[in-house]
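Subject: Structure handover

Hello,

Here is the structure we talked about. Please open it first, then read the notes below it.

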Amino acid sequence: MIELSSLIAGVVLLLLLMGLATKGWLAARHLQEPALETGEADVAQPCPDVFVSRVFSRGDWEFVHGLGTDDIQRLFKRERKNVALVWVRQISAMIKKAMREHAGVARQSKNLEFSTEIRIFAQFLTLMAVCGILSIAIQTAGPLSLAGLAHFVQRLSLRIVKVQGSFQPAPLVKSAGHA
Amino acid sequence: MLSQAIWWSCIVLEVLLLIRAVSGRLISRYPVFYGYIFFVFSQSILRSLVYRWGGKLYNPVYWTTEFLGFVMGCWVVLEIYRVALAAYPGTAKMARQVLAFLFALAAAKAIAALWNDPNLVLETTPLQMERALRTVQAIAIVALVTVFAVYSIPFGRNLRGILLGYGLFIGQRVICLTFIPPQGHHFWFYAYSASYAVTLSLWLAYLWSYQPSAVPAGSLELEQDYQRTAAVTRRRLQAAGGYLRKAVRP
């Protein structure tokens, strides 16, 4: 067990240092205004709600599908996927920008709070993970299937809860029914 | 023959590093780091003398100097922390809390292991002990580097080299110690020795001359701003989460 944890610690450390050496993390840069990543400067205002609803809704697809032309359908799917991916990248850049600006203030603050920082960092990691999952889902299933996927997962989880309930011993189910 | 070559290359690299430290006046900037290099240099000479003429003394001398080297290494990590975060009290506080948490966790794990098996200390070989200590050191460095990266702490070339080299050395050593057999000269034995020569070459490249670290421009009015900034950040992140939810619930 100790061997495995040692191995993991060593490998993680080497990978982290590789990132440090190749990606230029911790390299001295201008402190006043860190350079923004490509596209990050454009995310001061997020996309309007109508745009987002449109990208992920099936309304336009049903219209294009109704035309019955394969080329147009393929083009529509490709373009919609690209737009959806750009949108996820924009949101991801927005999250990184918020975190970078927060870190810029927090690193020099003497009254920084450990618990607040951990909560913010956990929130940041969760959102970045969601962006990653969303990107993969858009790449594989396409933006039009996302709502369908979400409904499928919701139905599946409800079914699992129901099945779990049916495995409970009879008195428990009974008492739960009375509660 | 190969181990002789590794040993001599390490000695030459250490001497070169110390010469550059004195001629480039780096020694006054990073006294603990160069103290560590001087210690390792003296330790290599002492071990070789004892190996030739000391007979049975070699084993206790080897392990004593090895654990002293570990303590000096921890001091080097503290120097990196001190120099890098001198101008960043917020990140320094965060790093202290993270390290304290990790050391408390390691201490609790050691106490629990001793509680379960009181003979553990007698049964543990020095090699296993070193592996456990180096693992804790590796985890501490991972935590420190993560904190530096999250808060975008700018490092000068010299300090970056010290961190990279020492981290690389500890990472390699932990991996080698996982696979190294207790006896004999195998691949992992040579990899274990050669890892230090690689580290010394890296240090020599990064510490050839003094290059100052970037200093933050002026102090901001932050004391009253932190709570407000944290609240704003959380609101912005929550808003981003709201946008992402729209993708599945348009």
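A:Ile8 is partly exposed, at 48% relative accessible area. Buried means under 20%, exposed over 50%, and partly exposed in between, with a 1.4 Å probe and protein chains only.

This is a predicted model: local features need pLDDT of at least 70, side-chain atom pairs count only at pLDDT 80 or more, and totals for chains, interfaces and linings use all residues. Residues are numbered from 1 along each chain as its sequence is written, chains are lettered from A and ligands numbered from 1 in the order written, and side-chain values use heavy atoms, without hydrogens and water.

Back to A:Ile8. This residue sits in helix α1 (residues 2-22) of chain A. Helices are DSSP runs (H or I, at least four residues), numbered from the N terminus. Together with A:Leu4 and A:Val12, A:Ile8 makes a nonpolar surface patch of about 260 Å². Patch residues have over 30% relative accessible area and no salt bridge; nonpolar side chains are joined within 5 Å, like charges within 9 Å. A salt bridge puts a side-chain nitrogen of Lys or Arg within 4 Å of a carboxyl oxygen of Asp or Glu. Areas are Shrake-Rupley values with a 1.4 Å probe.

Next, the rings. There are 13 aromatic pairs over all chains. Rings of Phe, Tyr and Trp (its six-membered ring) pair if their centres lie within 6.5 Å; planes under 30 degrees apart are stacked, over 60 edge-to-face, the rest tilted. B:Tyr51 and B:Tyr58 are edge-to-face, 5.2 Å centre to centre and 70 degrees between planes. B:Tyr51 is exposed at 63%. B:Tyr58 is partly exposed at 25%.

B:Tyr166 and B:Phe169 have centres 5.9 Å apart and planes at 50 degrees, so this pair is tilted. They are three residues apart in helix α7 (residues 157-179) of chain B, and so about one helical turn separates them. B:Tyr166 is buried at 1%. B:Phe169 is buried at 3%.

Ring pairs also link B:Tyr51, B:Tyr58, B:Tyr62, B:Trp63 and B:Phe67 into a cluster.

Two charges sit over rings. The charged end of B:Arg29 is 4.2 Å from the ring centre of B:Tyr210. B:Arg52 lies over the face of B:Trp53, at 5.9 Å from the ring centre. The cut-offs: NZ of Lys or CZ of Arg within 6 Å of the ring centre and within 35 degrees of the ring normal.

Last, α5(A). Its buried residues include A:Ile120, A:Phe124 and A:Leu127. A:Gly142 follows α5(A), with a positive phi near 90 degrees.

Best wishes

Conventions
Helix = DSSP H or I, 4+ residues; strand = E, 2+ residues; numbered from the N terminus.
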